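Let's take a walk through this structure together. Have the sequence and the viewer ready.

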Amino acid sequence: MEMTSLKSFRVKLVFSRTLYSQSAASVSMGSLAAYLRSLGLLADLCLFDKNSLHNVETILGNNTQGNIVIAKPNFKDFQSMIPLLERMRRAGSVQRIFFCGPFAKLNAKDIMSRLTWLDGIFMDQLE
């Protein structure tokens, strides 16, 4: 079996900010990006805006091959984030999609039973 180089994948870390009191940064997603980069992976932080028509371009950029998405949906944006990610997966723009964060962990059983296209949920830590 041929091993694929980690350099051929680009990890997209998708998160949103739905409260005006929050900064546009996500400490947990930033830490995850730093860790993945330390392993030699290309990792991009992608701010999801539930009212934007440009989310696909924000997430994919110029790269449409070898994309892995780690998304952090929350209770305010999951209704717009999840269908968009599903369309991207079904179109072949994204090869793997994983969820993380408190919303995903608390709803893991229901999410995994309904979203057959989702590859998994990181359960280790809430943040």
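This is a predicted model: local features need pLDDT of at least 70, side-chain atom pairs count only at pLDDT 80 or more; totals for chains, interfaces and linings use all residues.

Residues are numbered from 1 along each chain as its sequence is written, and side-chain values use heavy atoms, leaving out hydrogens and water.

Of its 21 residues, Leu85, Ile97, Phe99, Trp117 and Leu118 touch the most other members. Helix H3 (78-90) is among the elements giving two or more residues, and H3 provides the largest share, 5 residues. Helices (H or I, at least four residues) and strands (E, at least two) are DSSP runs, numbered from the N terminus.

Now to the rings: there are 3 aromatic pairs (ring centres of Phe, Tyr or Trp, the latter by its six-membered ring, within 6.5 Å; planes under 30 degrees apart are stacked, over 60 edge-to-face, the rest tilted). Phenylalanine 78 and phenylalanine 103 are stacked, at 4.9 Å centre to centre and 25° between the planes. Because phenylalanine 78 lies in helix H3 and phenylalanine 103 in helix H4, this pair ties together parts 25 residues apart in sequence. Phenylalanine 99 and tryptophan 117 pair edge-to-face, at 6.3 Å and 80°. Phenylalanine 99 is buried at 0% relative accessible area, and tryptophan 117 is buried at 6%.

Finally, lysine 72 in strand S3 (residues 67-72) is buried, at 13%. Its side chain makes a polar contact with the side chain of serine 28 at 2.8 Å (N or O atoms within 3.5 Å; within protein, one must be able to donate a hydrogen and the other to accept it, and residues adjacent in sequence count only if both atoms are side-chain atoms).

Key. Buried means under 20% relative accessible area, exposed over 50%, partly exposed in between (1.4 Å probe, protein chains only). A nonpolar core is a set of buried Ala, Val, Leu, Ile, Met, Phe, Trp, Tyr and Cys residues joined through side-chain atoms within 4.5 Å.
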